[in-house]
Amino acid sequence: MTLAIRFRQSLLMVGAALLWLPMAWGCSGFRGPEVKVAGAVVTNETDEGLELEIFLEMTNPNDEGLELRLYEYTIWADGARAYQGVWSAEQTIPALMERSAMIPGVLLDQPLGWTKEGRPKQIKLRIAGAVLYIAPGQFAETLLEWGIYQPRQGFRAEDFIELIVEQKMPEKGKSASKGS
């Protein structure tokens, strides 16, 4: 066997092992957080658009704490992509516990074809995204540090929302946007 063939076989073996490792780690029984969109409200109105707060409810189903890193998400208004965001999570969910979080959003008038006076009273709001978290264990940390694997848990919701400035989260059962 030539040196080039051995090198190629070795490279294939290393590549296969690297592909297998995240899958084997994923089968370890550790699960990502359960994430639900609890609601969305308009919190401020400007001449250029509207500011939103989107509320998330998260549950850690594991026997260990779960450190959240980032939220990556996109917001659509009546089918048009309106906002794309990345927000620092800076939160740990203790074992078998629930936590809430808020992520911001913006609906700018001009890209949506609105004016301040001509904004619709209600829109179909859709949000889709993921929370990135740190799985426990040295192996998981190594994969994260090397940029090989970043665990994430998706979330999405779609519902109608009134474009009225509110100052607080809607009451449970009366949320402006529902989904999982």
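## Close-up views of a predicted model

**View A. Thr-74 in strand S3.** Thr-74 lies in strand S3, which spans residues 66–77. The model shown here and in the other views is predicted. Relative accessibility of Thr-74 is 11%, so the residue counts as buried, the cut-off being under 20%. Leaving aside residues up to four places away in sequence, Thr-74 touches Arg-81, Tyr-83 and Gln-84, as well as Arg-126, Ile-127 and Ala-128.

**View B. Contacts of Ile-127.** Thr-74 is one of the residues that Ile-127 touches. Tyr-73, Ile-75 and Trp-76 are also among them. Further contacts are Val-37, Ile-54 and Ile-103. Phe-155, Arg-156 and Ala-157 complete the list, which does not count residues up to four places away in sequence.

**View C. The largest nonpolar core.** This core has 34 residues. Ile-127 is among those with the most contacts inside it, along with Ile-54, Leu-68, Tyr-71 and Leu-107. Two or more residues each come from strands S1 (34–45), S2 (49–59), S3, S4 (80–93), S5 (98–108), S6 (122–134) and S7. S3 gives the most, with 6 residues. In soluble globular proteins, nonpolar side chains tend to be buried together.

**View D. A nonpolar patch on the surface.** Trp-146, Ile-148 and Tyr-149 form this patch. Together they have about 330 Å² of accessible area. Ile-148 sits in the loop between helix H3 (138–145) and strand S7 (152–162). Its relative accessibility is 37%, so Ile-148 counts as partly exposed.

Notes:
Residues numbered from 1 in each chain as written. Predicted model: local features only at pLDDT ≥ 70, side-chain atom pairs only at ≥ 80, totals over all residues. Heavy atoms only, no water. Helix = DSSP H or I, 4+ residues; strand = E, 2+ residues; numbered from the N terminus. Buried < 20%, exposed > 50% of the residue type's maximum accessible area, 1.4 Å probe, protein only. Contact = heavy atoms within 4.5 Å. Patch = residues over 30% accessible without salt bridge, like charges linked within 9 Å, V, L, I, M, F, W, Y side chains within 5 Å. Areas by Shrake-Rupley, 256 points an atom, 1.4 Å probe, with all protein chains shown as cover. Salt bridge = Lys/Arg side-chain N within 4 Å of Asp/Glu carboxyl O. Core = buried A, V, L, I, M, F, W, Y, C linked by side-chain atoms within 4.5 Å.
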